[in-house]
Each structure stands twice: as C-alpha cells, then as structure tokens.
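Dear colleague,

Please find the structure below, handed over for your use. My notes on what was found in it follow.

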Amino acid sequence: MTIYNVYIFDREGQCLYYDEWFRTKQSGLAPIQEYKLVFGMMLSMKSFVDRLATNDSNQTVNYYKTSAYKMTFLESATGIKIMLNTDPNATGIRDLLHKIYQAWTETSNSAAKMELFASNPPNENFLKSRVRDIVMKHQAYV
C-alpha cells in the first residue's frame, strides 16, 4: 500500500499545504491549477451527494476510489479540508487524516501564539516535518 500525496485547503479553496511521496504520474498542470481542480472536484462530489440524498440528513463524501487510487476526504468544523491520495487498498486512512489534522491545528495554533507574543517567526518546515513523520509511521507508507 502506498501514500501518494496530501492537500490541505482552507474554506475558500486556497491550498495551504501540499506534499507528495510516491507520486509517479504528474498532472502536467501548474500547481495552482491542480489545486483548484482537486478542490473543485471535492465540492462537486459533495454537491452531487447532497442532491441525490434520499432524506434531509447530513450526508458526506468520505472518499472516492478508482482502479488506480483512492482519494479520502476530511473536513473540519472550521472549514479545513484535507485530501489524501493513496493506493486503492490502503487501510487506516481516516485515522491518518485525523492525525494530520491534529498536527495542522497544533502547528497553526502555536504559530499564532508565537506571532501574538512577538517571538521568533515559526519555522515553515515544522509542519512539513510533522506531517512527513506521521505519514512515514503509518502502516500504508511503503
């Protein structure tokens, strides 16, 4: 099982974070275009599910799967959206997404505190190292 890449978006669709590991095929697009397409696809999937819902309950899309990959979604109450591309047979991905979200919130909260108290600016590579550490320890990481 393989983990290919991760995207973190804010509620407006701006890509706040991107990283990749074993991505073998590139999209051929500029990164900003790829981010917009990925975010738009997720919004389209959510809209599609809402329109086809058979009742008024809050229905969500957790993932979609092709023969080549599986894209799993996590959306927080604050509007942060995390998307992880993996091998279709990868397991434990929801737990991995929650760990990445926890690292995101802890890092962004500590960065805000540092700015508030006028300390040294936060290390930009700190989040990347935390996310990479979490992913590399996961069972789906090859």
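Helix H1 (residues 31–52) lies across strands E1 (3–9), E2, E3, E4 and E5, and runs at about 80 degrees to E1. Helices (H or I, at least four residues) and strands (E, at least two) are DSSP runs numbered from the N terminus; axes are lines fitted to C-alpha atoms, for helices over the stretch in contact, with angles from 0 to 180 degrees between N-to-C directions. Helix H3 (residues 125–137) packs on the sheet, where it touches E1 and E2, and its direction makes about 45 degrees with that of E2.

This is a predicted model: local features need pLDDT of at least 70, side-chain atom pairs count only at pLDDT 80 or more, and totals for chains, interfaces and linings use all residues. Residues are numbered from 1 along each chain as its sequence is written, and side-chain values use heavy atoms, leaving out hydrogens and water.

The five strands form an open sheet in the order E2-E1-E5-E4-E3, with antiparallel pairing (two strands pair if DSSP finds at least two bridges between them). Its edge strands, E2 (15–20) and E3 (63–65), each pair on one side only. Strand E4 (residues 70–75) pairs with E5 in the antiparallel sense over six bridges, and Lys-70 stands opposite Thr-86 in E5.

Lys-81 belongs to strand E5 (residues 81–86). Lys-81 is buried, at 4% relative accessible area (buried means under 20%, with a 1.4 Å probe and protein chains only). Beyond its neighbours within four places in sequence, Lys-81 has contacts (heavy atoms within 4.5 Å) that include Tyr-7, Phe-39 and Glu-75.

Kind regards

Methods: Buried means under 20% relative accessible area, exposed over 50%, partly exposed in between (1.4 Å probe, protein chains only).
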